[in-house]
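Hello,

Here is the structure I promised to pass on to you.

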Amino acid sequence: MRSMRAMSMAVLTAGLALAQPAVAADPIILGNTAPYSGPASAYGTIARAEEAYFKMLNDAGGISGRPIEFLSLDDGYSPPKTVEQTRRLVEQDEVLALFSAVGTAPNIAVQKYLNAKHVPQLLVSSGASRWNDPRHFPWTTSFNPTYETEGRVYAQYILKTKPDAKIAVITPNEDAGRDYLKGFKEGLGPHADQIVGEATYLTADPTIDSQIITFQQSGADVFFAEATPKFAAQALRKAADLGWKPLIILPTVSNSVSAVLEPAGLANAAGVVSGAYLKDPGDPRWADDEGMRAWRAWMNQYQPGANPGDILNVSGYTAAQLMALYLERCKAELTGACLVKQAQSLHDEVLPMLLPGIRLNTNPDDVVPIRQLQMMRFDGKSWALTGDVFGD
């Protein structure tokens with residue numbers, strides 16, 4: 001698959017300064033790994049959307065007259081495969097940057113390698129806190145709010161709406177899960193002892209049914225199901241099968257109606273709560289929104305076979321827009337160093353598919369552009385914003 005991507009950095013080191021601008025007529029080559037197969041394959045939608053957005057840009061003349069060549073390779077969400085594919089992109093395809101590679105464990109597997117090679121690892125499609133460490137990894141930046149931030153948001157929401165809650169929480173047994181849990185417990189503060197059930201799972205596990213049964217037996221009346229789409233859908237179905245009806249909170253990475261809630265059964269998902277920073281294409285309030293109309297026109301022309309209700313298409317579209325912004329601002333000085341500089345220099349940027357009030361800001365010490373979430377509840381048909389905004 002071919003697409004495009006680029007980013008910048010604000011702290012220039014001697015190594016960064018070595019990069020030379022490319023010839024104006026050359027294509028801009030960006031790389032990416034994504035799980036088009038395997039248990040996390042729902043996230044492949046993000047990269048497909050990015051590919052489609054870059055195709056639209058190319059049809060309009062590219063960036064400053066240069067076409068974008070986006071090389072997106074399947075890693076099956078397997079870190080060893082990610083290493084293999086990333087080395088191919090860097091050493092054989094000579095990509096300018098890695099853009100929006102998907103997943104925490106896969107990106108961890110190549111972070112040191114990319115930084116040692118001075119290849120930008122931009123807009124990582126993961127909210128792990130390690131992407132916000134420009135001192136040790138100056139070539140890495142993220143797109144999503146950090147998992148710690150998101151975990152704190154859900155804890156704050158619980159304390160506001162259900163202060164006496166008995167809480168169960170499941171997380172993947174990887175860095176992403178540990179970040180979520182750390183932020184969640186920090187947000188609960190002295191109320192962390194209200195957690196009555198805590199479990200993990202492996203991405204290779206067939207189900208998480210046994211953990212859900214244990215949670216029901218614990219007496220929990222709030223369930224933070226911090227899981228990837230496949231397991232989030234399983235959690236909703238199993239809770240419904242057991243007749244267990246806690247307040248269920250899903251992370252932003254698993255609140256897609258088509259990828260999670262529909263497979264779980266919309267009736268089983270009614271009442272579920274999550275956070276958001278992107279406009280939901282299934283929410284009727286955005287029917288006449290200018291950004292949503294442009295997004296739908298793009299979907300109709302460049303992704304006619306894709307699910308228009310899947311918010312992962314919005315995520316990929318928005319990440320690609322931000323990447324295009326970095327590329328455009330570098331203009332003739334299109335180097336990895338310039339991309340990183342731009343990625344660390346956002347000030348109150350607004351993109352059309354971000355929720356109102358969500359603005360993008362970065363600096364050389366904090367390279368996470370999205371830092372707030374609006375809470376929303378699923379009514380059985382679509383997500384409805386609650387009006388509560390939490391975050392840093």
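**Notes on the aromatic rings**

Let me start with two phenylalanines: F184 is buried, and F224 is buried too. Please keep in mind that this is a predicted model.

The structure holds 16 aromatic pairs, and F184 with F224 is one of them, with 5.0 Å from centre to centre and 40° between the planes, a tilted arrangement. Where do the two partners sit? F184 belongs to helix α6 (residues 175-188) and F224 to strand β8 (residues 222-225), so their pairing ties together parts that are 40 residues apart in sequence.

Another pair to look at is W295 with W298. Their ring centres are 6.5 Å apart and their planes meet at 45°, so this pair is tilted. Planes under 30 degrees apart would count as stacked, and those over 60 as edge-to-face. Both W295 and W298 lie in helix α11 (residues 290-302), where 3 residues, about one turn of the helix, separate them.

Are these two tryptophans buried or exposed? W295 has 0% relative accessibility and counts as buried, while W298, with a relative accessible area of 3%, is buried as well. The cut-off for buried is under 20%.

W295 and W298 also belong to one aromatic cluster, together with Y53, F54, F70, F99 and Y317.

Finally, there is a contact between a charge and a ring: the charged end of K279 sits over the ring of W286, 5.3 Å from the ring's centre.

Conventions: Residues are numbered from 1 along each chain as its sequence is written. This is a predicted model: local features need pLDDT of at least 70, side-chain atom pairs count only at pLDDT 80 or more; totals for chains, interfaces and linings use all residues. Side-chain values use heavy atoms; hydrogens and water are left out. Rings of Phe, Tyr and Trp (its six-membered ring) pair if their centres lie within 6.5 Å; planes under 30 degrees apart count as stacked, over 60 as edge-to-face and the rest as tilted. Helices (H or I, at least four residues) and strands (E, at least two) are DSSP runs, numbered from the N terminus. Buried means under 20% relative accessible area, exposed over 50%, partly exposed in between (1.4 Å probe, protein chains only). A charge sits over a ring if NZ of Lys or CZ of Arg is within 6 Å of the ring centre and within 35 degrees of the ring normal.
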